[in-house]
Amino acid sequence: MTEPRPVFPLGPASATSAAVLSGVLYWLAFPGVDAWPLAFVAFVPLLLALRGQTPKRALVLGLTSGLVMNVAGFYWLFVMLRSFSGFPTALCLLLVLVICTYQGGRIALMGWLYARGAQRGWPHALVALGAFAASELIFPLLFPWYFGATVYEVHALAQLAELGGPILVGITILGVSLSIEELIHSRFVNRAVNRRLLFAGLGGLAVSALFGYARIPQVDARARAAEPLHVGIVQGNMGLMAKRERALEGLSRHRRMTGELTKLGVDLVVWSETSVNLNVPEDIYRAFYKANVTQNLGVQAIFGGVIVRGDPTPGRQQYFNSALSSDAEGNITGRYDKEHLLYFGEALPFERTFPIVRTWSPTSGRFSAGTGLDPLPFETTTGRHSASVLICYEDVLPAFTNRMVRHAHPDLLVNITNDAWFGNTSEAWEHLALATFRSIEHRRYFVRGTNSGISAFVDPVGRIIVQSHPFRAEEIDAVVHLMHERTVYESVGDAPAWALAAMVLVFAVRRRRKPEV
C-alpha cells in the first residue's frame, strides 16, 4: 500500500487561509447576502484546517474563522455604537472588533473541542458534530445567531426545526460539509473514502428534505382548518430621535394608520416596540393608555410602551420596555415586560458590578428586565385567545421562546421590535430570517410588527406570506389562523443537542480505548 502523503496537519499559512475562507463562506451563505448553497461547503475549509492540529492551534483557527464571519456579518454594530453609545469613532471601531472577537469565540470553542476529542482518538465526524452542537448551545452571545438560519428560505430543509430547533437544521447542513471534506481529505492522504460517513452526510440531507416535503402539506392543511383572524400591522417608521422628541406625533401617526386598517375590517392591530414612547407611571398606566391611546381605536390592539416604576427622582426609577394589549373598547387587558435587554441600547453590560461604566456611556439605556411570561389576551367570535409576545431580539432566542410557549400555550406568536437602531443595513433581514424558525418550532403563525421594517406575517411552515418595505411608513394585513399544536421541540427543546454537547465534552477529557487485538 502506498504510504500516506504528509499533507496534514496543514501548515500555519495554509490553515489560516482555510479558516479565513470558511469565515467568508459562512458570511456569504447567511441571510443578508443569502447565497445559501454555500452553507453546504462553508465548514469544509475549516474542517480540513483542523485535521491533526493541537487544541491550542485549533482554538486560534476557529477564532480566526469566527472573527472574519462576525466582522463581515455584524458590521452594523458600528452603526449602533456610533449612534447610541456616546463613544468616539475610534473607540466604536475598537469595540466592534472586541465584540466580534468575542462572538467569534463560538467557532473557537468548536475548534478546541474538536481537537481535544480527535486527539483522544474519537471519530472525526462524531467529534465535529458534537463540537458544533456544543458551540451553538454553550457559548453565550451578545447577539445570537444560528448556522441553520442559512436555509430559512429553503422550507423543505427548515422543517427539522420542529424536531430539534435551528441547531438540528445546522447539524444536517454540517453533515454535508463533513461528507465533502471526507472526499477531499481521503484524496490528499491517499486512503479509501469512508463510505459510511459519505452516505450519512448526504443521506441526512435527503431525509431532511423528504421530511420537509411530507410535513409541509400536513401543516398547511391544519392551518386551513384552524380559526381565521384578520390582523393588521402598523409600521410607523419613526426615527429613533423623532420617537423620543416627537412622541405625540408618533402616536398620532399610529392612530391614523390604524384607522386605515379598521376600514379593511381587521380584528387585531399590532404596533411596534415602544410605539407609544411616553414614560407612563406604573400606578396609572391602565387609565393613561386607555384615555390617551386606545379608547377610540375601535379595534383590539397590541402595542409597545414604556412603564416607569418607583421613585420619581432621576436615576432611581425602573423603566420597563413593555408590550400591552387592549380590547375594542380600549381597556388594557394585559402586559408583558421585556426580559432580555439589548446591551447599550437598553442596558449597560456589567453596570451593576462596575458602576463606573455608566460614566463612560451615559447615553446607554437604563431599562430593567421583566420577570413574567404571561401572554396577552384577545377575543374572537369563538371566545378568548392569547398571544405570546416577544420584544425585539427575544424572537431569535429558541430556548426562551420555547419556555414562553410551554408556559402560556398561546394561539399566536407576536413580535414587536424596532430595528431602526441599526440603520438601513442587513441586520433587519438577518433578524427576520432568524425569527422565522419560531413559527416552525411551534407550528404557529408569527406576526412581526416593527417600527422601520421588516414587518411580516410568517406562516407555521416558516414562509413569509406578507412583508413590508424597510424604512417606509405603511400598513400591511393578512389573515392568520389560530393554531394550538404541541411539537416535539416544544416538548424536548434542545435536549438532543445537549446530549451531543455532553458527549463531546466527555470526548475532550477521556481517551478512547483501542480495541484489544
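Student: What makes Cys92 count as buried or exposed in this model?

Tutor: Cys92 has a relative accessibility of 0%, and the term buried applies under 20% relative accessible area, exposed over 50% and partly exposed in between, with a 1.4 Å probe and protein chains only, so Cys92 counts as buried. This is a predicted model, in which local features need pLDDT of at least 70 and side-chain atom pairs count only at pLDDT 80 or more, while totals for chains, interfaces and linings use all residues. Residues are numbered from 1 along each chain as its sequence is written, and side-chain values use heavy atoms, with hydrogens and water left out.

Student: What is found when the question is put from the side of Cys100?

Tutor: For Cys100 the closest cysteine sulfur is in Cys92, at 13 Å, again too far for a bond; Cys100 is also buried, because its relative accessibility is 0%. The structure holds zero disulfides.

Student: Why is Val458 called buried, and where in the chain does it lie?

Tutor: Val458 is called buried because its relative accessible area is 0%. Val458 lies in strand S11 (residues 456-458), where a strand is a DSSP run of E with at least two residues, a helix is a run of H or I with at least four, and both are numbered from the N terminus.

Student: Which residues does Val458 touch, beyond those up to four places away in sequence?

Tutor: With contact meaning heavy atoms within 4.5 Å, the residues touched by Val458 are Thr436, Ser439, Arg444, Tyr445, Phe446, Arg463 and Ile464.

Student: How do you know how much space lies in the largest cavity, and what lines it?

Tutor: A cavity is a set of points on a 1 Å grid over the protein atoms alone where a 1.4 Å probe fits but cannot get out, and lining residues have an atom within 4 Å of a point. A volume is the space filled by probe spheres set on the points, which are joined across faces, edges and corners, and for the largest cavity this comes to about 180 Å³. Its lining has 16 residues, with Trp76, Phe143, Pro144, Tyr393 and Glu427 nearest the centre, and helix H15 (residues 427-435) provides the largest share, four residues.

Note on methods:
A disulfide is a pair of cysteine sulfur atoms within 2.5 Å. On a 1 Å grid over the protein atoms alone, a cavity is a set of points where a 1.4 Å probe fits but cannot get out, and a pocket is an open set with protein on both sides within 12 Å along at least five of seven lines; lining residues have an atom within 4 Å of a point.
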